[in-house]
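The following note sets out points for a colleague who has the model at hand. Please read each point alongside the sequence and the coordinates.

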Amino acid sequence: MNNEELQRLTEEISLDFFRKRFKHKASFNKRLRTTGGRYALQSHNIEINPKHLEHYGRDEVISIIKHELCHYHLHIEGRGYQHRDREFKQLLKQVGGSRHCQSIPAVRNKSVTIHVYRCLTCSHEYLRKRRMNTKKYVCGKCHGRLEKTAEKNEGKTLTAFQGI
């Protein structure tokens, strides 16, 4: 499926399930990683993660499109379009869209490298996903110099280290 076919599919779903036209652009965005789709509030465009089509097929993409069209139509009408809004939940249930998309196995099991830095003055340790320039940054507690002490290659999920 290419962007033109996705556009046609989105327009068809909008007419069939919402009885309203989709007047904006629907396209694939391969930069999306942790979500199945996205509705842009400014441009009113819908972007879909192509990996969901590869891993789970057309039915999963249709479910994601329904979800994003709920955001689209409610936002255009000035009604509650956010996940927490009752109107959004009701419309999503009406059209048979899913609240959450399936996670992609390759992203879920990705290995994460953790860089460990230690303050030379107070010995406080910092864990970071990205490398730091130790000449540019200092300890946030005592303003002491930092040194890199270790690098761990964790085979855990990305969500396990989101607090870092």
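1. Surface. The accessible surface of the protein chain amounts to about 10800 Å², and carbon and sulfur atoms account for 45% of it.

2. Basis of the note. This is a predicted model, in which local features need pLDDT of at least 70 and side-chain atom pairs count only at pLDDT 80 or more, while totals for chains, interfaces and linings use all residues. Residues are numbered from 1 along each chain as its sequence is written, and side-chain values use heavy atoms, with hydrogens and water left out.

3. Overall dimensions. The protein chain has a radius of gyration of 22 Å, whereas a compact globule of 164 residues would have one near 15 Å. This radius is taken over C-alpha atoms, and the globule rule is 2.2 Å times the number of residues to the power 0.38. Along the principal axes, the C-alpha atoms fill a box of roughly 65 × 35 × 25 Å.

4. Of the 164 residues in the protein chain, 35% are buried; buried means under 20% relative accessible area, exposed over 50%, and partly exposed in between (1.4 Å probe, protein chains only). Among contacts (heavy atoms within 4.5 Å) between residues at least 6 apart in sequence, 50% join residues at least 24 apart.

5. Secondary structure. The protein chain contains five helices and six strands, and its pattern along the sequence is α-β-β-β-α-α-α-α-β-β-β. Helices (H or I, at least four residues) and strands (E, at least two) are DSSP runs numbered from the N terminus.

6. The 33 positive and 17 negative charges of the protein chain have mean positions 8 Å apart. Lys and Arg count as positive and Asp and Glu as negative, while His and the chain ends are not counted. Each charge is placed at NZ of Lys, CZ of Arg, CG of Asp or CD of Glu.

7. Salt bridges. How many salt bridges does a search of the whole structure find? The search finds six, a salt bridge being a side-chain nitrogen of Lys or Arg within 4 Å of a carboxyl oxygen of Asp or Glu. In general, side chains of opposite charge can pair when their charged atoms come close.

8. The pair between strands. R118 and E147 form a salt bridge in which the closest N and O atoms are 2.6 Å apart. Because R118 lies in strand β4 (residues 112-119) and E147 in strand β6 (residues 146-154), the pair ties together parts that are 29 residues apart in sequence. R118 is partly exposed at 25% relative accessibility, and E147 is partly exposed at 29%.

9. A further pair and a network. K148 and E151 are joined through their side chains by a salt bridge of 2.9 Å, N to O. Salt bridges with shared partners also link K20, E77, R79 and E87 into one network. Within this network, E87 pairs with R79, with the closest N and O atoms 3.3 Å apart. E87 is partly exposed at 31% relative accessibility, as is R79 at 38%.

10. A buried glutamate. Is E60 buried or exposed? E60, which is placed in helix α3 (residues 58-76), is buried, with a relative accessible area of 9%. Apart from neighbours within four places in sequence, E60 contacts H52, C101 and Q102.

11. K152. This residue is in strand β6 and is partly exposed at 39% relative accessibility. Beyond neighbours within four places in sequence, K152 is in contact with V112, T113, I114 and V116. K152 and Q7 are separated by 145 residues in sequence and by 44 Å in space, C-alpha to C-alpha.

12. Loop residues. R19, in the loop between α1 (3-18) and β1 (26-28), has a positive phi of about 60° although it is not a glycine; R19 is exposed at 68% relative accessibility. H143, in the loop between β5 and β6, also has a positive phi, near 65°, and is not a glycine; H143 is exposed at 62%. S123 lies in the loop between β4 and β5 (125-128) and is partly exposed at 43% relative accessibility. S123 and G144 are 21 residues apart in sequence and 9.2 Å apart in space, C-alpha to C-alpha.

Terms used:
Areas by Shrake-Rupley, 256 points an atom, 1.4 Å probe, with all protein chains shown as cover.
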